[in-house]
Amino acid sequence: MKRQLKTMAAILGLVVVAGAGVAQAQIIGSLKSDIPFSFYVRNKLMPAGAYTIAELNTGSGTMEIRSADGKSAAIFLTVGKQEKDTEAPSELIFHKYGDKVFLSEIVEQGEIDGAQVVKSKMEKRIEKAAQDKEVAIAIPLE
């Protein structure tokens, strides 16, 4: 009986671990976009310009955004977000609070799971204190 319980616990543990990997965002390859304004990725201010976004380790949720000139880069964590429409165009979603803009989501056309950027403490603090309503900005990906 103890042996059966241990086996069932081990199987349950494997199912939980496997399920956690499935819940991560599935960004295939790298995505490119020209962003016409400066923005924050977590706590790092990124200037306007051309960027490439890629997942660092498949299924990890860890991603990198790098400027085309190589001068700006940031690594950030994402969580999977179920998309309702897989035919929606690939895009970056930004949240704007007053004059501060934060990268919020990455949506890839044809994929069920998008990638939601984990909010930094700074963004949470600004979001809570913002008197202006949050504005979402969508930028197309190449």
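**Close-up views of a predicted model**

**View 1. The hairpin of strands β7 and β8.** In the hairpin formed by β7 and β8, where two residues lie between the strands, Gly98 adopts a positive phi near 60 degrees. This is a predicted model, in which local features need pLDDT of at least 70 and side-chain atom pairs count only at pLDDT 80 or more, whereas totals for chains, interfaces and linings use all residues. Residues are numbered from 1 along each chain as its sequence is written, and side-chain values use heavy atoms, with hydrogens and water left out. Strand β7 (residues 91-97) runs antiparallel to β8 and is joined to it by seven bridges (strands pair if DSSP finds at least two bridges between them; strands are DSSP runs of E of at least two residues, and helices are runs of H or I of at least four, numbered from the N terminus). Leu92 has Ile106 in β8 as its bridge partner. Of the eight residues of strand β8 (residues 100-107), seven are buried (buried means under 20% relative accessible area, exposed over 50%, and partly exposed in between, with a 1.4 Å probe and protein chains only).

**View 2. The aromatic pair of Phe39 and Tyr51.** Five aromatic pairs are found in a search of the whole structure (rings of Phe, Tyr and Trp, the last by its six-membered ring, pair if their centres lie within 6.5 Å; planes under 30 degrees apart count as stacked, over 60 as edge-to-face and the rest as tilted). One of these is the edge-to-face pair of Phe39 and Tyr51, with 5.3 Å centre to centre and 75 degrees between the planes. Because Phe39 belongs to strand β2 (residues 39-41) and Tyr51 to strand β4 (residues 49-55), the pair ties together parts that are 12 residues apart in sequence. Phe39 is buried at a relative accessible area of 0%, and Tyr51 is likewise buried, at 2%. Phe37, Phe39, Tyr51 and Phe94 form one aromatic cluster.

**View 3. A nonpolar surface patch.** Leu77, Val79 and Val118 together present about 210 Å² of accessible area as a nonpolar patch on the surface (patch residues have over 30% relative accessible area and no salt bridge; like charges are joined within 9 Å, and nonpolar side chains, namely Val, Leu, Ile, Met, Phe, Trp and Tyr, within 5 Å; a salt bridge is a side-chain nitrogen of Lys or Arg within 4 Å of a carboxyl oxygen of Asp or Glu; areas come from the Shrake-Rupley method with a 1.4 Å probe, and for residues only the protein chains shown count as cover). Leu77 sits in strand β6 (residues 73-82) and is partly exposed, with a relative accessible area of 43%.
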